Amino acid sequence: MSVPPRSITVSIATQQLWLRQGTTVLACYPVSTAQAGAGEQEGSGCTPRGRHQVVERYGEGMPIGT
């Protein structure tokens with residue numbers, strides 16, 4: 001049996017992030033998106049909308065708050 005893929009959804013309106021496995025919510029966290037609002041122009045300081053893929057992860061094994 002295959003494991004459903006994990007996904008992350010961020011709501012700019014509610015400032016929340018949901019981690020899902022298939023349709024099951026595994027966790028929900030408060031987040032802070034850009035003060036400049038939503039937008040896709042490079043260098044604008046805005047939070048980009050749309051689908052994105054996580055390709056790198058930083059901080060593994062580091063103390064909390066690093």
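Visitor: In β3, which residue is the bridge partner of Gln 21?
Guide: This is a predicted model, where local features need pLDDT of at least 70, side-chain atom pairs count only at pLDDT 80 or more, and totals for chains, interfaces and linings use all residues. Residues are numbered from 1 along each chain as its sequence is written, and side-chain values use heavy atoms, with hydrogens and water left out. A strand is a DSSP run (E, at least two residues), numbered from the N terminus. For Gln 21, the bridge partner in β3 is Thr 24.

Visitor: Over how many bridges do β2 and β3 pair?
Guide: Two strands pair if DSSP finds at least two bridges between them. β2 covers residues 16-21, and its antiparallel pairing with β3 has a bridge count of six.

Visitor: Which residue in the turn between β2 and β3 has a positive phi?
Guide: β2 and β3 form a hairpin. Two residues lie between the strands. The positive phi, about 65 degrees, belongs to Gly 22.

Visitor: How many residues lie between β1 and β2 in their hairpin?
Guide: β1 spans residues 6-11 and pairs with β2 in the antiparallel sense over six bridges. Val 10 stands opposite Leu 17 in β2, and Ser 11 stands opposite Gln 16. In the turn, Gln 15 has a positive phi of about 55 degrees. The residues between the two strands number four.

Visitor: Which strands are the edge strands of the sheet?
Guide: The sheet is open, with three strands in the order β1-β2-β3 and antiparallel pairing. An edge strand here pairs on one side only. That picks out β1 and β3.

Visitor: By what angle are neighbouring strands of this sheet turned against each other on average?
Guide: Axes are lines fitted to C-alpha atoms, for helices over the stretch in contact, and angles run from 0 to 180 degrees between N-to-C directions. For this sheet, direction is ignored. The average is 20 degrees.

Visitor: How far apart are the closest N and O atoms of Glu 40 and Arg 49?
Guide: The structure holds two salt bridges (a side-chain nitrogen of Lys or Arg within 4 Å of a carboxyl oxygen of Asp or Glu). Arg 57 and Glu 60 form one, at 1.8 Å. Glu 40 and Arg 49 form a salt bridge too, with their closest N and O atoms at 2.8 Å.

Visitor: Is Val 55 buried or exposed?
Guide: Val 55 is found in the segment after β3 (24-30). Buried means under 20% relative accessible area, exposed over 50%, partly exposed in between (1.4 Å probe, protein chains only). At 48%, Glu 40 is partly exposed. Val 55 has 67%, so this residue is exposed.
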